[in-house]
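Trainee: Could you walk me through reading helix packing and burial in a model like this one?

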Amino acid sequence: MKHLALFAAAIALLALAPMVLGGHGLSVMTLTLTNLVLAIGLNLVAGYCGQFSFAQAAFFGIGAYTTAIMSRDLGTGVWINLPAGIVIAGLFGLVLGVPALRVKGHFLAIVTIAFQTVVYLTLVQWTDFTGGQNGILVPGVGETSILGIIRFNVQSLESYYWLTLALAAVAIVVAWRLVHSRLGREWVAVRDDETLAQAVGVNTTTTKLSAFVASAAFAGAAGALNAYTMRTAAPDC
């Protein structure tokens, strides 16, 4: 209850930021919250599971481009594009995790760096689909609703900040639940001693794979948020 009260107080305090910050300060806070979600994902795979991963930016880009491409080609809104960015990035985390599980240590780091390089080059070179260096413009969130009940209009910088804050709070709660679940304890066991964890019945393969998928999903969420905040998805954004 103490942690919950502190968390609620912190969120309430951050919600008041638009009242005291100017436009630049609010933009910085919005990007900070977006990168917080990105860092949470990295902490799951590297901090809790102990796996070297330098592909977080690639998953971030995948989430951003999923949002941009779906907005451009399908005309879908934020509540479809955001989950899609999370799922697609998670699937790419699975794609990376399967071959990466065959290596450890700095060899795993090299594999993740290679994956990130491939993703970056694909985004730059596949100009017909990704827009190349120019990227893809992303329309604003605009008028939207949650389950058709809670309606709001995301147009101003303040509204984008509050949306990002709300989704960052959800990400923190989800991550907290994950690390305090059985899966989270298995991540820590693999990090501390993989051989011992395997000896006591932990399936280390699926455990490490789940960490890659969870990390990629959080990065995809951050990328989708960033695409709406910056109104673009580009290789250098």
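This is a predicted model: local features need pLDDT of at least 70, side-chain atom pairs count only at pLDDT 80 or more; totals for chains, interfaces and linings use all residues.

Trainee: How do I read the packing of α8 and α11?

Mentor: Two packed helices are described by the angle between their axes and the distance between the axes. Helices (H or I, at least four residues) and strands (E, at least two) are DSSP runs, numbered from the N terminus. Axes are lines fitted to C-alpha atoms, for helices over the stretch in contact, and angles run from 0 to 180 degrees between N-to-C directions. Here α8 (residues 157–179) and α11 (residues 204–230) pack at about 180°, with axes 11 Å apart. That makes α8 roughly antiparallel to α11; angles under 35 degrees count as roughly parallel, over 145 as roughly antiparallel, 65 to 115 as roughly perpendicular and the rest as oblique.

Trainee: Which residues make the contact?

Mentor: Contact means heavy atoms within 4.5 Å. On the α8 side they include Tyr-160, Leu-167 and Leu-178, and on the α11 side they include Phe-218 and Tyr-228. By class, the contact has nine nonpolar, two polar and no charged residues. Ala, Val, Leu, Ile, Met, Phe, Trp, Tyr, Cys and Pro count as nonpolar, Asp, Glu, Lys and Arg as charged, and the others, Gly among them, as polar.

Trainee: What span should the 23 residues of α8 have?

Mentor: The expected span is 1.5 Å times one less than the number of residues. For α8 that gives 33 Å, and the end C-alpha atoms are 33 Å apart, which agrees. Helix α5 (residues 78–100) should also span 33 Å, and its ends are 32 Å apart, again in agreement.

Trainee: Which residues of α9 are buried?

Mentor: Buried means under 20% relative accessible area, exposed over 50%, partly exposed in between (1.4 Å probe, protein chains only). In α9 (residues 182–192), Gly-184, Glu-186, Trp-187 and Val-190 are buried. Seen down the axis, these buried residues fall within an arc of 160°, so they line one face of the helix; the arc is that of the directions from the helix axis to the C-beta atoms. The face turned away from the buried side carries the exposed residues Arg-182, Arg-185 and Asp-192. The buried residues pack against α3 (23–48), α8, α10 (194–199) and α11.

Trainee: How do α3 and α9 cross?

Mentor: Their axes come within 8 Å and cross at roughly 45°. The two helices are therefore oblique to each other. Leu-44, Gly-47 and Tyr-48 of α3 meet Trp-187, Val-188 and Arg-191 of α9, a set of four nonpolar, one polar and one charged.

Trainee: Is Trp-187 buried or exposed?

Mentor: At 0% relative accessibility, Trp-187 counts as buried. Leaving aside neighbours within four places in sequence, Trp-187 is in contact with residues including Cys-49, Leu-178, Thr-207 and Ala-214.

Trainee: And where does His-180 lie?

Mentor: His-180 is in the loop between α8 and α9, and at 48% relative accessibility this residue counts as partly exposed. Arg-231, in the loop between α11 and β4 (232–233), is also partly exposed, at 33%. Arg-231 has a positive phi of about 60° although it is not a glycine.

Terms used
Residues are numbered from 1 along each chain as its sequence is written. Side-chain values use heavy atoms; hydrogens and water are left out.
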